[in-house]
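Trainee: I have a structure to read and would like to ask about it piece by piece.
Mentor: Go ahead.

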There are 2 protein chains.
Amino acid sequence: MSPNQETLAWLRLGLVAELTPSGFRKLLAALSTPEAICAADRATLARSVSDDVAAAIARGPDPERLDVALQWLEDAANQVVTFADAAYPRLLLEITDPPPLLYVKGDPGLLDRASLAVVGSRNATPQGRANAQAFSRELSEGGFTIISGLALGIDAAAHTGGLAAASSSIAVVGTGLDIVYPARNRDLAHRLAEEGALVSEFALGTPALAANFPRRNRLISGLARGCLVVEAALKSGSLITARYALEQGREVFAIPGSIHSPLSKGCHLLIKQGAKLAESSQDILEELGATVGERVTIAVDDDAHGNPVLAALGFDPVDLDTVCERSGLTPDSASAMLLTLELGGVVSRLPGGKFQRVR
Amino acid sequence: MSPNQETLAWLRLGLVAELTPSGFRKLLAALSTPEAICAADRATLARSVSDDVAAAIARGPDPERLDVALQWLEDAANQVVTFADAAYPRLLLEITDPPPLLYVKGDPGLLDRASLAVVGSRNATPQGRANAQAFSRELSEGGFTIISGLALGIDAAAHTGGLAAASSSIAVVGTGLDIVYPARNRDLAHRLAEEGALVSEFALGTPALAANFPRRNRLISGLARGCLVVEAALKSGSLITARYALEQGREVFAIPGSIHSPLSKGCHLLIKQGAKLAESSQDILEELGATVGERVTIAVDDDAHGNPVLAALGFDPVDLDTVCERSGLTPDSASAMLLTLELGGVVSRLPGGKFQRVR
């Protein structure tokens with residue numbers, strides 16, 4: 001399937017390595033659509049982003065990489081989900097730095113379902129892996145899609161458990177979606193593509209870079225309603241994910257273990273800091289308002305209760321500062337949410353930088 | 001040493017089985033001294049307590065039991081500490097139902113020192129006993145006298161740890177102090193009498209009665225500034241002690257463990273209800289505002305990668321079949337390796353054919 005002009009514009013901008021999500025959002029706020037950004041001259045772009053970034057956008061992406069992306073999109077399993085799409089996960093809009101576009105392989109409908117992040121050590125104990133798989137299967141049965149990072153150890157066990165029941169599993173990866181990392185999880189990645197989904201904010205061809213993994217972790221927690229840490233050493237990536245979850249206002253759960261096991265120390269630290277001790281999947285389901293055997297559904301609505309920006313807007317024209325002040329959101333998050341609402345026809349942008357709810 | 005008239009009056013009243021601590025306190029409030037209570041007629045007594053109790057007091061205690069008590073007091077190690085004594089522990093006066101007199105064998109000066117209750121299951125795991133002893137030794141070193149209940153398992157290990165360092169240990173027992181229960185702790189009871197203390201509110205000759213043990217538990221928590229639960233099943237005496245501790249405004253600590261260990265479930269329940277998770281004695285000392293001069297740390301050697309049996313074991317109790325399944329070893333090789341690890345003190349053999357890594 002050949003992409004339309006709008007998708008092509010999102011893809012082109014996504015392939016400009018110099019353009020950060022935050023710069024991308026600033027340009028969208030200034031110029032409204034990706035097509036307009038692609039058509040803008042360097043001077044116009046440089047009013048929202050630095051001159052170097054403006055130059056990179058004006059230059060356009062490496063044509064070979066764009067070809068790779070267009071070819072990748074010809075596979076019906078692959079798609080790009082952007083701020084402009086209804087499929088863009090609403091929970092992600094609440095985080096500080098939501099990516100304007102997501103590469104998705106598999107079922108994009110899973111992205112906006114009730115979900116739980118299940119994370120932990122790559123060097124997990126056999127018991128830790130068994131716990132991750134059992135909790136994830138039960139939580140998937142209970143209506144929660146299991147989100148993890150496709151790493152060895154706890155992540156792989158969590159995906160396997162999630163795939164074994166009704167609500168399936170999503171892997172959020174730190175590479176381009178045309179690369180499977182680690183290679184040992186190739187079979188699991190194929191199952192996820194067929195029965196669940198794989199998601200990345202990184203352009204196709206992006207290799208496994210250490211710096212991208214902590215960044216990826218904010219999406220694992222950001223997509224989910226809560227985060228369960230199964231086994232984690234002190235100073236581990238899982239604790240970074242848990243910290244993101246706390247910052248994002250998600251519930252954090254941790255499984256305790258022997259005080260002599262180095263892989264329980266991270267979990268114990270989290271419990272000391274206020275994470276909920278989880279002995280069973282039931283503990284988590286109860287905390288999140290469900291019980292085992294009962295499927296969870298999130299009411300998806302545009303009403304003011306569900307959306308902090310709508311609640312802050314009211315029906316009178318207000319500027320961005322006021323929205324931020326009323327909602328407590330950062331300018332970036334508020335802009336991103338306003339943009340989605342605008343694209344969805346719920347909010348209008350007025351001259352003078354004001355916004356108004358129109359329905 | 002023959003007791004004075006006042007002590008004799010306390011003793012006499014303490015031997016009236018029908019007189020509860022609460023009735024005793026009412027009489028003291030009305031008549032001021034135990035001598036006055038002993039001298040009062042039945043009608044006067046009946047203004048504070050029921051007629052039956054008044055009759056029992058007027059009748060006086062069994063002369064044989066009084067003789068036993070007087071003879072017991074001739075041993076310099078033994079004493080009675082009453083509301084009227086400076087040695088009566090101040091923290092105990094804060095609880096709902098303080099006993100007017102305590103029988104004490106050993107050093108009564110210990111009763112009013114900073115102390116911590118350390119309690120747990122009689123059927124403790126080897127790791128649980130090792131934890132109880134190590135925490136108690138370090139807490140005793142850090143200035144806290146260790147209070148427990150002289151039971152088998154965690155209690156015995158806690159006393160042993162407390163006795164091993166400067167602040168010693170106190171056993172609060174549920175029988176008369178002329179009876180050692182359980183008999184298997186006779187040597188420990190003798191050490192406590194010589195280097196620490198044993199305390200009871202029950203008259204000499206009181207046998208081990210099930211009803212007296214929960215009652216005794218309120219003194220264990222009441223004497224202490226905090227209560228550490230090391231290992232406890234759901235519905236156990238240790239949870240009763242922890243509940244008393246909470247009611248009495250004491251800090252409660254619990255050591256976490258495997259979610260599959262029945263003896264960790266009580267601790268996990270407490271943590272869910274707000275008890276502090278304790279990974280080390282330092283956690284407790286810090287919370288109670290003390291620091292230890294020299295901190296003992298348990299070295300955890302990370303050789304699980306080199307030993308297939310250790311890698312297969314993790315820190316949870318598992319049986320031989322599971323070790324074989326996880327490690328790919330034959331039962332013969334796995335058994336041989338387990339035996340070596342057991343002899344080296346790295347693995348414990350548990351009842352029911354299970355094994356557990358202990359360090």
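Trainee: Which residue forms a salt bridge with A:Lys272?
Mentor: This is a predicted model, in which local features need pLDDT of at least 70, side-chain atom pairs count only at pLDDT 80 or more, and totals for chains, interfaces and linings use all residues. Residues are numbered from 1 along each chain as its sequence is written, chains are lettered from A and ligands numbered from 1 in the order in which they are written, and side-chain values use heavy atoms, with hydrogens and water left out. A salt bridge is a side-chain nitrogen of Lys or Arg within 4 Å of a carboxyl oxygen of Asp or Glu. Here the closest N and O atoms are 2.8 Å apart, and the partner of A:Lys272 is B:Asp283.

Trainee: How many salt bridges does the rule find across the interface of chain A and chain B?
Mentor: The pair of A:Lys272 and B:Asp283 meets the rule. Across the interface of the two chains, the count is 4.

Trainee: How much area do chain A and chain B bury between them?
Mentor: Buried area is the accessible area (1.4 Å probe) that two parts lose on being put together, summed over both. Carbon and sulfur atoms carry 63% of it, and the total is about 2,100 Å².

Trainee: Which three residues supply more than any other three of the area that chain A buries against chain B?
Mentor: Their share of the area buried by chain A is 34%. The three are A:Ile259, A:His260 and A:Glu279.
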